[in-house]
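Student: I am new to this structure. Can we go through it step by step?

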Amino acid sequence: MDLYIDPTTMDLVFAETHVKRVSGLDEVAQRILIVCKMHEGEWAYDLEAGMPWRGEILRRGATDEQITARMSAKIAAVEGVKSVRSLRIVRVPATRQATIYVEAMSLYGVVTVSMSAPAA
């Protein structure tokens, strides 16, 4: 069981006098979202946590296959994830934005997560 983090603000959520908690499918979805939103090297206690957005994923010349493979490997390493069933990136070239859709098999069943990718 983890502490619940608001997916929009990434802040802890309090329920009356205690911190809200999350478990099961929601816990795994939250862990995937955190890994995807965090930049590799951002957290001083684990410099390998997070996605290598600047170094590998958002770099010029990275192919869809390379991006998907790297992101899938990072997500597959998330505690509670058994495998990544699909990872799809939908780009909007005019705005240089993308949305990432992930479907993974977890210890609790299928979990789906979607998020906006950081700007290039």
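**Salt bridges and a helix**

Tutor: R70 counts as partly exposed, at 26% relative accessibility. Keep in mind that this is a predicted model.

Student: Which residue does R70 meet in a salt bridge?
Tutor: The R70 pair links distant parts of the chain, 14 residues apart. R70 sits in helix α3 (residues 64-76), its partner in helix α2 (residues 53-57). The bridge is 2.7 Å, N to O, and the partner is E56.

Student: Is R31 buried or partly exposed?
Tutor: Buried means under 20% relative accessible area. R31 has a relative accessible area of 18%. That makes R31 buried.

Student: How far apart in sequence are the parts that R31 and D2 tie together?
Tutor: R31 and D2 form a salt bridge, with the closest N and O atoms 2.8 Å apart. R31 lies in helix α1 and D2 in strand β1 (residues 2-3), so the tied parts are separated in sequence by 29 residues.

Student: How many residues of α1 are buried?
Tutor: Helix α1 covers residues 24-37, which is 14 residues. α1 is mostly covered. Its buried residues include G24, V28 and L33.

Student: Which strand does R91 lie in?
Tutor: R91 meets D64 in a salt bridge of 2.8 Å, N to O. D64 belongs to helix α3, so the pair ties together parts 27 residues apart in sequence. R91 itself lies in strand β5 (residues 81-92).

Student: How many salt bridges does the structure hold?
Tutor: Among them are R31 with D2 and R70 with E56. R91 with D64 is another one. The structure holds eight.

Notes. Residues are numbered from 1 along each chain as its sequence is written. This is a predicted model: local features need pLDDT of at least 70, side-chain atom pairs count only at pLDDT 80 or more; totals for chains, interfaces and linings use all residues. Side-chain values use heavy atoms; hydrogens and water are left out. Helices (H or I, at least four residues) and strands (E, at least two) are DSSP runs, numbered from the N terminus. The expected span of a helix is 1.5 Å times one less than its number of residues. Buried means under 20% relative accessible area, exposed over 50%, partly exposed in between (1.4 Å probe, protein chains only). A salt bridge is a side-chain nitrogen of Lys or Arg within 4 Å of a carboxyl oxygen of Asp or Glu.
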